[in-house]
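Include the cut-offs behind the terms.

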Amino acid sequence: MKKIVIALILLITLQVTAQNKIYQAEREKINNLVHTKLKVDFNFQKNQMNGEAWITLEPHFYSTDKVVLDAKSFEIKEVKVNNVKAGFNYSDDEITIELGKVFKKGEQYEVYVKYIAKPEEITQKGSKSITDAKGLYFIDPKEEDPNKPTQIWTQGETESSSCWFPTIDSPNQKSSQEIYMTVPSKYVTLSNGTLKSQTNNTNGTRTDYWKMDQKHAPYLFFMGVGEFSVVKDTWKNINVDYYVEKEYENVAKDIFGNTPEMITFFSDITGIQYPWDKYSQIVVRDFVSGAMENTTTVVHAEDAQQKKGQLIDDNEWEGTIAHELFHHWFGDLVTTESWANLTVNESFATYSVYLWFAHKYGKDKADAHMYEDVQTYLQSESEDKNLVRFYYHDREDMFDTVSYQKGNAILHMLRDILGDEAFYQGINLYLTEHKYGTAEAHDLRLALEKVSGKDLNWFFNQWYFGNGHIKMNVTYDYNTINNKVTVNINQPGKVFKFPITIDVYEDSGIKNSYNVWVDSEQNSFTFTFNKLPKLINIDAKHVLLAEISDKKTLENYIFQFNNAKHYLDRRLALEEIVKQQNSKEAYETVIKAFNDPYFEIRKIALENIDLFQKYNKKDAIIKIENLAQKDKSTIVQAAAIKVLGKLLDPIYKPLFERGMENPSYAITGASLTSLYLIDKASAINKVNTLNNDVKESLADAVTTIYINENNKENLPFIANHVLKGMFLSEDPKIQQLYGGAFKWIAESDNKEAISNLTNDFVKLGNQYKKYNFDKMSVNMLNQMVQKQLLSSNKNKDELMLIIKTGISKLIE
């Protein structure tokens, strides 16, 4: 999900709403959850769940004679307190229960509720995507869709667990749990904790008993039901299991297999061994988010299930796997006390991806990932939002680029200021002091201060309780008589305080680094030199969350690419150099980038090489041919194949035909695209021999060919992929081509194509409503209606009904 969301965010301007004026406090604790016991079975015909709940509670501090439980859209059958029938009132999705006596602090009591959960009658917003949060989801319960397995799964965050069991649905509550789930015997079940027993019943059902003794928040409770292959793995003596559809059983360890190593790494850096009794990951259909960190039982959207050919190129889900795992320390072990403090959950989980990538694959990959996250935040128009927000409009609004991507970058700065030893000891203290409990941002600050001895109020006030980010203009004054340069840093807007590293390069291999503090609107720093500097590198460590305006010449950029080693130094320099390839030195630097140690730099160079320059074209092509066949990255090989395809030289036909047999989907797709450019008939014949699964795997290439060929027979296939080309491609020509295909489909009389495109708009709009994609989707669907109105299609009334039904799903 993440890559899709990130790409789409950059294409649509987000509408920033004014902050709510109501203070969003931590929920008052009158009663505390102690333990939750559930017995449930499912009505597949009505999408309902029959439940019994035994909830152990105690007063938090003050004596009380009643308890209020959240229970959304229930039919309440019976309520008891300590086995005695109790009076209750059920209204506004809450059960107010009379306890029959006054209970004091330390006195526990048990509430019993017999009920029917009716999730289809619920309308509320849910986290991480803004679809209706039913809490309990039935997927094809009547087995009517041959392309979709029957499943049941839950999603509790933010406050939707109370859609399937009565509870105090707040993140500042913690409860141990046990669940008895009765299901048809053919299904596998999964829940938090350990599977203690399985009992076969006489009616073709089975009752599975799951139990977890450690306490966690109600929103982390989970149930999953369906036909899954369970692939076994271990970490030390703990079960690590992967629940996938049968088709993906053989690649489950290719997708999730780094999990045990991740557990070791995260245990080591936090200083706290993985604190739970198992770790399972399950992939479900139609999930309302990308993934969810349910304690010991992470759920992933179906995008996690990738084919071998995709995984050869890149496991695009690995960052999500790391993110959800790290939540088992930040979010599950220690939970935000309120949604306003969501950063103590999500920022750490987001930062864990950087830490894992650096550990496993090296700093370049980690820095590339951080850059992507920072760009996502910068382009989201979220400058007016604090990281800790007590005045949000809706708790779901907290799940945004500020809590995730900006919080990630803020932790990176904080770690740099403190140093690794203090940073990691500080988070260890934070986790230790609050384990199995809750915390807020100030608790994190206090732990880091206690370890480091530093006062960090300035940092937290600026970055956690303030908004915006650093913006600075940099100029240079050179005094060649005294051999001095003055670096002027101006903050034209909001003034931030921060340390910054400035590297002054006098020549290759001659670098002086200076660490200085910026604390006002205008700051100037003077450095001496022996030789006129060839480059002054501002924020040389690239740790600041900042937009820096710094005028550099082409010579500066070429020197930077060749001498400054950080990934961003090379990338940002190369992005400028490729614009000026009429310069021989610039052109040769682009070719030199073909040898960069990180694959993304090589890919950028290939995508931007200008082979129509007069400089050493033959030598460049030889290098590209070598990359196309021998580069260690299949992504780079694919990029090189695309460059060769644009040469329109039939000599490369054997290379492209061999590429079509490569197990890498990236290479296969690039080879098909390039083959089409030099021999359309051969490429089309090849497409016609592909089965549907392979076509889907090569959808970009196949769809482009179908569009170029005006292939009406495959219009439904085109319709399934047109949105990706319109909104995810960075190539203006592809955007234009797919935009034309959209108009083609919108005017057509092809019912299946119209349905496919409408369904994609509905899915996109509902899944990412918080980014206003619902409005965009409605607008595009209305355009389709208008095109049908103006068409001469005999079935246009039927087609408009399909489209209007889609619109109604987006605005209901």
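Strand 23 (residues 470–479) and strand 24 (residues 484–490) run antiparallel and are paired over seven bridges; two strands count as paired if DSSP finds at least two bridges between them. Within this pair, V474 stands opposite I489 in strand 24. Helices (H or I, at least four residues) and strands (E, at least two) are DSSP runs, numbered from the N terminus. The model is predicted, with local features needing pLDDT of at least 70 and side-chain atom pairs counting only at pLDDT 80 or more, while totals for chains, interfaces and linings use all residues. Residues are numbered from 1 along each chain as its sequence is written, and side-chain values use heavy atoms, with hydrogens and water left out.

Both strands belong to an open sheet of four strands in the order 27-24-23-29, with mixed pairing. Strand 27 (522–528) and strand 29 (546–550) are at the edges with a single partner strand each, so one side of each has no neighbour in the sheet. From one strand to the next, the twist averages 25°. Such angles run from 0 to 180 degrees between N-to-C directions, and axes are lines fitted to C-alpha atoms, for helices over the stretch in contact.

A further open sheet has five strands, in the order 16-17-18-20-19, and its pairing is also mixed. Here the edges are strand 16 (229–235) and strand 19 (291–292); each has a single partner strand, so one side of each is left without a neighbour in the sheet. Inside the order, strand 18 (residues 279–283) and strand 20 (residues 297–300) run parallel and are joined by four bridges, with S280 opposite T297 in strand 20. Helix 3 (residues 259–270) packs on this sheet, touching strand 16, strand 17 (238–244) and strand 18, and its direction makes about 35° with that of strand 16. Contact means heavy atoms within 4.5 Å.

The nonpolar residues come next. In soluble globular proteins, nonpolar side chains tend to be buried together. A nonpolar core is a set of buried Ala, Val, Leu, Ile, Met, Phe, Trp, Tyr and Cys residues joined through side-chain atoms within 4.5 Å. Buried means under 20% relative accessible area, exposed over 50%, and partly exposed in between (1.4 Å probe, protein chains only). The largest core has 159 residues, of which F42, Y115, F266, W329, Y464 and M472 touch the most other members. Beyond its neighbours within four places in sequence, M472 has contacts that include I489, F498, I538, L544 and I548. A second, separate core of 90 residues includes F594, I621, M660 and A699.

A699 is also one of the buried residues of helix 22. Eight of the ten residues in this helix (residues 699–708) are buried, so the rest of the structure largely encloses it. Those buried residues pack against helix 19 (665–678), helix 20 (680–688), helix 21 (692–697), helix 23 (715–727) and helix 24 (732–747). N710, with a positive phi near 50°, follows helix 22.

How do helix 13 and helix 15 cross? The axes of helix 13 (residues 567–577) and helix 15 (residues 599–608) come within 10 Å and cross at roughly 5°. This makes helix 13 roughly parallel to helix 15, a term used for angles under 35 degrees. Y567, R570, R571 and L574 in helix 13 meet E600, I601, I604 and A605 in helix 15. By class, this contact has five nonpolar, no polar and three charged residues; Ala, Val, Leu, Ile, Met, Phe, Trp, Tyr, Cys and Pro count as nonpolar, Asp, Glu, Lys and Arg as charged, and the others, Gly among them, as polar.

In helix 12 (residues 554–563) sits Q560, which is buried at a relative accessible area of 2%. Not counting residues up to four places away in sequence, Q560 touches L535, K552, D569 and A573.

Some backbone geometry remains. Most residues other than glycine have a negative phi, and most peptide bonds are trans. N82, in the loop between strand 4 (74–81) and strand 5 (84–85), has a positive phi of about 50° although it is not a glycine. D140 likewise is not a glycine, yet has a positive phi of about 45°. N82 is partly exposed at 37% relative accessibility, whereas D140 is buried at 12%. E157 and T158 are joined by a cis peptide bond with omega of about 5°, and T158 lies in the loop between strand 10 (151–154) and strand 11 (175–184).

Terms used. Angles under 35 degrees count as roughly parallel, over 145 as roughly antiparallel, 65 to 115 as roughly perpendicular and the rest as oblique.
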